[in-house]
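This report describes selected features of one structure. The sequence and coordinates are shown first.

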Amino acid sequence: MKKVFALIEKESTKFAQLPFFEFLGNKSIDFIQRLSFAPCFALFVMGYGDLNKFVWLQEATLNSIPDIVNKQIREEENHWIWFLNNLEYLNLNLFLNFTDSLKFNWSEQTVICRQISFQVNPIYKLVAIESIESISNLFLSITAPVTQKLKVLTNREYPYFGNAHLLAENDHNVHSHETKEFIASMHLAEYIHQLACELVNKIFELFTALVDMLINFVEEYKIKQLLNRSRSHNGRGATAVVKYARRCSPYVTLFSTRRCANNA
């Protein structure tokens with residue numbers, strides 16, 4: 001697993017150089033504008049909860065690897081509530097009325113996000129979690145300072161994009177010294193190691209496409225204009241948001257490769 005960890009670190013370094021993170025850290029851009037990708041991010045956040053709950057959680061096990069995965073899932077299970085809180089405080093819940101939201105979120109376009117049937121080998125779950133945790137820590141280390149500045153202006157907390165989430169991520173059991181040492185010491189058969197590395201590369205490829213889409217959205221649409229249009233037309237100004245959001249979940253293809261999905 002040490003080689004897999006090294007690959008994750010290498011890909012994280014490359015990932016940090018993407019234009020999306022340069023945009024997030026650009027102090028010349030309005031705080032709200034820098035977080036205006038949030039509507040397109042919703043399927044990722046909510047889909048992650050379903051992925052954990054319906055695919056990755058494996059209760060009543062005596063195996064140490066599934067136990068590590070389960071602890072991580074339990075630590076993540078309420079983060080979606082923070083996200084909804086942030087949407088409210090950023091005034092980003094004006095894009096769609098309730099009926100349109102239901103139609104979209106329970107449409108054919110999102111069915112794979114809501115119901116993934118593959119049973120994933122625990123090793124691959126662990127590799128995916130380590131990769132996503134690395135991405136998450138990078139992401140939150142840049143959004144947290146933005147929300148701190150925004151808090152000064154609005155006197156509101158932004159837990160999902162802010163320090164609360166960042167601290168929670170760093171406090172996860174999977175980051176403890178003992179757990180890290182245990183995982184790093186694991187020996188993987190050559191074919192499992194090869195598939196694990198393929199999975200790492202695939203995850204970073206998918207998240208690269210995701211953040212590229214987010215930066216395209218915020219550069220093309222100014223958040224204040226969209227908010228004004230939504231207020232003026234009872235949410236009908238959300239067309240652009242819907243078009244982008246339909247394409248913004250990496251879970252559709254995360255485990256589409258049977259070799260990574262099947263138990264080994």
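The model is predicted; local features need pLDDT of at least 70, side-chain atom pairs count only at pLDDT 80 or more, and totals for chains, interfaces and linings use all residues. Residues are numbered from 1 along each chain as its sequence is written, and side-chain values use heavy atoms, leaving out hydrogens and water.

Serine 36 is located in the loop between helix 3 (31-34) and helix 4, helices being DSSP runs (H or I) of at least four residues, numbered from the N terminus. Its side chain reaches the backbone oxygen of glutamine 33 at 2.7 Å.

Helix 4 (residues 38-56) and helix 5 (residues 64-76) have axes that come within 10 Å and cross at roughly 145°; axes are lines fitted to C-alpha atoms over the stretch in contact, with angles from 0 to 180 degrees between N-to-C directions. In this contact (heavy atoms within 4.5 Å), Tyr48, Asn52 and Trp56 of helix 4 meet Val69, Asn70, Ile73 and Glu76 of helix 5.

The chain has a mean pLDDT (the predictor's confidence in each residue, from 0 to 100) of 76, and 73% of its residues reach 70 or more. Two stretches are tabulated below, with contacts beyond near neighbours in sequence.

| Stretch | pLDDT | Contacts in the model |
|---|---|---|
| Residues 112-119 | below 50 | 20 contacts |
| Residues 244-264 | below 50 | 66 contacts |

Where pLDDT is low, the predicted coordinates should not be read in detail.

Terms used: Helix = DSSP H or I, 4+ residues; strand = E, 2+ residues; numbered from the N terminus. Polar contact = N/O pair within 3.5 Å; in protein donor to acceptor, adjacent residues only side chain to side chain.
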